[in-house]
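Subject: Structure for you to look at

Dear colleague,

Here is the structure I said I would pass on. My notes on it follow below.

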Amino acid sequence: MATTYDFPSDLLAGQEELHQVRAELSALLKRLPWSVEPLDGFSDAGGWRKVERPASPGWTADEQAEVEKLRQREHELAVFVSCHRFWAEVAAAERVDARTKLKYAYGTRGTPEEEKT
């Protein structure tokens, strides 16, 4: 029988916000130019696979600040979730299972992957 865990509400909220911040950061990075600094484009067909990049205008100061803000918040939440006092209550042999279940204890809405569909 699968073990269920009674996660504290602040831990669940922290994990959910961590999912949201990571999704927001990922979406932002996909929208931004490939290089932080302005760089010329290039094409390299001599390697084992062809690589091409268009010229990059670089990121604006506001874009850099937004990425830094999201990365900092992601770090804070990751530390909060991984160092939460709840983990001391879980037997060492069960922690991996409990941490995995927390990642998918995404409220009643399902996993983040299910929300994309």
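A residue is called buried here if its relative accessible area is under 20%, exposed if over 50%, and partly exposed in between. By that cut-off tryptophan 87 is buried, because its relative accessible area is 4%. Please keep in mind throughout that this is a predicted model.

Overall layout

The protein has 4 helices and 2 strands, and from the N terminus on they run α-β-β-α-α-α. Of its 117 residues, 25% are buried. The accessible surface comes to about 8,400 Å², with 54% of that belonging to carbon and sulfur atoms. Among contacts between residues at least 6 apart in sequence, 62% join residues at least 24 apart.

Helix 1

Helix 1 covers residues 9-31, which is 23 residues. From first C-alpha to last the helix reaches 33 Å, close to the 33 Å expected at 1.5 Å a residue. Its buried residues include Leu11, Leu18, Val21, Leu25 and Leu28, but also Gln15 and His19.

Salt bridges

There are 7 salt bridges in the structure. In one of them, glutamate 17 pairs with arginine 73, with the closest N and O atoms 2.9 Å apart. Glutamate 17 is in helix 1 and arginine 73 in helix 2, so this pair ties together parts that are 56 residues apart in sequence. Both partners are partly exposed, glutamate 17 at 28% relative accessibility and arginine 73 at 31%.

Arginine 22 and glutamate 74 form another salt bridge, also with 2.9 Å between the closest N and O atoms. Here too the partners sit in helix 1 and helix 2, so the bridge ties together parts that are 52 residues apart in sequence. Arginine 22 is partly exposed, with a relative accessible area of 40%.

Lysine 69 and glutamate 66 meet in a salt bridge at 3.8 Å, N to O. These two are 3 residues apart in helix 2, and are therefore separated by about one helical turn. Lysine 69 is exposed at 53%, whereas glutamate 66 is partly exposed at 26%. Salt bridges with shared partners also join Glu17, Arg73 and Glu76 into one network.

Aromatic residues

The structure holds 5 aromatic pairs. Tyrosine 5 and phenylalanine 7 make a tilted pair, 5.9 Å centre to centre with 35 degrees between the planes. Phenylalanine 86 and tryptophan 87 make an edge-to-face pair, 5.2 Å centre to centre with 70 degrees between the planes. Ring pairs link these four residues, Tyr5, Phe7, Phe86 and Trp87, into a cluster.

Tryptophan 59 is in the loop between strand 2 (51-53) and helix 2 (61-82). Although it lies in a loop, tryptophan 59 counts as buried, at 15% relative accessibility. What is tryptophan 59 in contact with, leaving aside its neighbours within four places in sequence? The residues are Leu29, Leu32, Pro33, Ser35, Val36, Gln64 and Val67. Of these, valine 36 is 23 residues from tryptophan 59 in sequence and 5.0 Å away in space, C-alpha to C-alpha.

Nonpolar surface

Trp34, Leu39 and Phe42 make a nonpolar surface patch of about 270 Å². Phenylalanine 42 is found in strand 1, residues 42-44, and counts as partly exposed at 37% relative accessibility.

Regards

How values were computed:
Residues numbered from 1 in each chain as written. Predicted model: local features only at pLDDT ≥ 70, side-chain atom pairs only at ≥ 80, totals over all residues. Heavy atoms only, no water. Patch = residues over 30% accessible without salt bridge, like charges linked within 9 Å, V, L, I, M, F, W, Y side chains within 5 Å. Areas by Shrake-Rupley, 256 points an atom, 1.4 Å probe, with all protein chains shown as cover. Salt bridge = Lys/Arg side-chain N within 4 Å of Asp/Glu carboxyl O. Buried < 20%, exposed > 50% of the residue type's maximum accessible area, 1.4 Å probe, protein only. Contact = heavy atoms within 4.5 Å. Expected span 1.5 Å × (residues − 1). Phe/Tyr/Trp six-rings, centres within 6.5 Å; stacked < 30°, edge-to-face > 60°.
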